[in-house]
Amino acid sequence: MTEDAELLTIADELYGLPLEEFTPARDARAKELKADPDGKERAAAVKRLKKPSVAAWVVDLFVRREAEQVEQVIAVGAALREAQEGMDGAELRALTRQRRQLTSAVTEQARTLAREEGLKVTQAVADQVEATLTAAMLDPSCAQAVRSGLLTAALHATGVDQVDVAAAVALPDALGFTASPTTAAEPAPPELHVVPEDEETAAARRREAAEQALADAEEQVSSTEAALAEATASFEELQARSLQLQSEIDEARRRLSELEDSAEETDEELEEAESAQGEASTTHAAAVKTRDAAQKALDALG
């Protein structure tokens with residue numbers, strides 16, 4: 001294994017750890033390498049690996065746990081980039097809404113994963129996560145950086161300006177590297193203690209469970225209402241746009257038919273005018289000839 005490949009392997013392991021374990025694990029690995037007479041340079045390189053920001057770590061975690069989902073997001077981004085060619089303003093706005101709906105849903109999945117790892121993701125961090133996923137959809141180089149699982153900082157892209165992705169990954173060779181998948185740690189089985197439960201306590205427990213289920217369902221309804229409203233608005237706008245375009249097409253066809261009829265009439269009139277022009281030219285030439293003869297006769301009389 002080359003030194004670059006070994007460093008990538010070490011980085012892959014470190015950036016797959018829980019966030020709070022990164023620094024002590026990195027320092028321990030650097031110390032281990034430094035003990036080897038031939039490992040000082042590698043130890044220094046490992047020591048230079050930056051601790052990821054919270055947002056970058058959440059994205060790295062999501063890439064390792066949900067690689068297939070990430071690939072779908074990147075693929076959708078590529079398809080949308082191709083589709084937007086030739087679109088007008090209204091269609092581009094609808095496309096942007098669809099992209100936001102997708103990145104918002106995926107960001108929520110990433111927040112859930114982080115929460116399962118014991119990390120609460122604030123809205124500010126969630127915004128950075130969503131911006132990074134959006135960048136992966138807009139920019140192929142950002143997609144490579146996200147796919148590496150070696151992000152150290154969040155990404156931002158407009159789809160127009162070039163993004164300096166090298167500054168946001170742990171190593172230059174990260175671009176083109178694919179993170180190793182990880183799985184959630186299996187929780188230790190709980191210690192079970194059978195405690196006799198009277199009917200009143202059991203009823204209270206069932207009611208509490210039912211109330212929690214209702215609260216969870218209401219929260220789910222609330223969280224999906226906004227997405228439904230936005231999707232409905234997008235559908236209605238595009239439907240109206242489709243009807244408008246069809247109306248414009250019908251009007252253009254009617255106008256084209258009128259222009260074709262007018263062109264046929266004009267061609268007929270042109271033929272008649274051309275014939276009349278020929279006759280008038282012949283008559284005029286004869287008149288000129290007669291005039292010239294009369295002028296000549298007059299001149300002969302002195």
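Asp60 is buried (under 20% relative accessible area, where over 50% is exposed and anything in between is partly exposed, with a 1.4 Å probe and protein chains only), yet Asp60 has no salt bridge, and the nearest side chain of opposite charge, Arg64, is 5.7 Å away. A salt bridge here is a side-chain nitrogen of Lys or Arg within 4 Å of a carboxyl oxygen of Asp or Glu. For charge, Lys and Arg count as positive and Asp and Glu as negative, while His and the chain ends are not counted. This is a predicted model, in which local features need pLDDT of at least 70 and side-chain atom pairs count only at pLDDT 80 or more, while totals for chains, interfaces and linings use all residues. Residues are numbered from 1 along each chain as its sequence is written, and side-chain values use heavy atoms, with hydrogens and water left out.

**Surroundings of Asp60**

- Asp60 sits in helix α4, which covers residues 54–65; helices (H or I, at least four residues) are DSSP runs numbered from the N terminus.
- A polar atom of the Asp60 side chain lies 3.1 Å from the backbone nitrogen of Leu151.
- Apart from neighbours within four places in sequence, Asp60 is in contact with Tyr15, Pro52, Gly149, Leu150 and Leu151, contact meaning heavy atoms within 4.5 Å.

**Asp139**

- Asp139 is found in the loop between α7 and α8.
- Asp139 counts as buried because its relative accessibility is 11%.
- Its side chain makes a polar contact of 2.4 Å with the side chain of Ser141. A polar contact is a pair of N or O atoms within 3.5 Å; within protein, one must be able to donate a hydrogen and the other to accept it, and residues adjacent in sequence count only if both atoms are side-chain atoms.
- Leaving aside neighbours within four places in sequence, Asp139 is in contact with Arg81, Ala157, Asp161 and Val163.

**Helix α7**

- Helix α7 runs over residues 123–138, and its 16 residues should span 22 Å at 1.5 Å a residue; the expected span is 1.5 Å times one less than the number of residues.
- The end C-alpha atoms of α7 are 22 Å apart, which agrees with that expectation.
- Buried residues of α7 include Val125, Ala126, Val129, Thr132 and Leu133. Thr134, Ala135, Ala136, Met137 and Leu138 are buried as well.
- The cover over the buried residues of α7 includes α4, α5 (67–83), α6 (89–116) and α8 (140–148).

**Helix α2**

- Helix α2 (residues 22–34) has 13 residues and reaches 18 Å from its first C-alpha to its last, close to the 18 Å expected at 1.5 Å a residue.
- Phe22, Arg26, Ala30 and Leu33 of α2 are buried.
- Seen down the axis of α2, these buried residues fall within an arc of 65°, so they line one face of the helix. The arc is that of the directions from the helix axis to the C-beta atoms.
- An α-helix has 3.6 residues a turn, so residues three or four places apart point the same way.
- Lys31 and Glu32 are exposed on the other side of α2.

**Salt bridges**

- The structure holds eleven salt bridges.
- One of them joins the side chains of Arg42 and Glu6 at 2.7 Å, N to O. This pair links distant parts of the chain, 36 residues apart, with Arg42 in helix α3 (residues 40–47) and Glu6 in helix α1 (residues 3–14).
- Both Arg42 and Glu6 are buried.
- The side chains of Asp27 and Lys47 meet in a salt bridge of 3.0 Å, N to O. Asp27 lies in helix α2 and Lys47 in helix α3, so the pair ties together parts that are 20 residues apart in sequence.
- The C-alpha atoms of Asp27 and Lys47 are 6.2 Å apart in space.
- Asp27 counts as partly exposed at 25% relative accessibility, and Lys47 counts as partly exposed at 44%.
- Glu117 forms a salt bridge with Arg65, with the closest N and O atoms 2.8 Å apart. Glu117 lies in the loop between α6 and α7 and Arg65 in helix α4, so the pair ties together parts that are 52 residues apart in sequence.
- Glu117 counts as partly exposed at 28% relative accessibility, whereas Arg65 is buried, with a relative accessible area of 18%.

Technical notes:
Helices (H or I, at least four residues) and strands (E, at least two) are DSSP runs, numbered from the N terminus.
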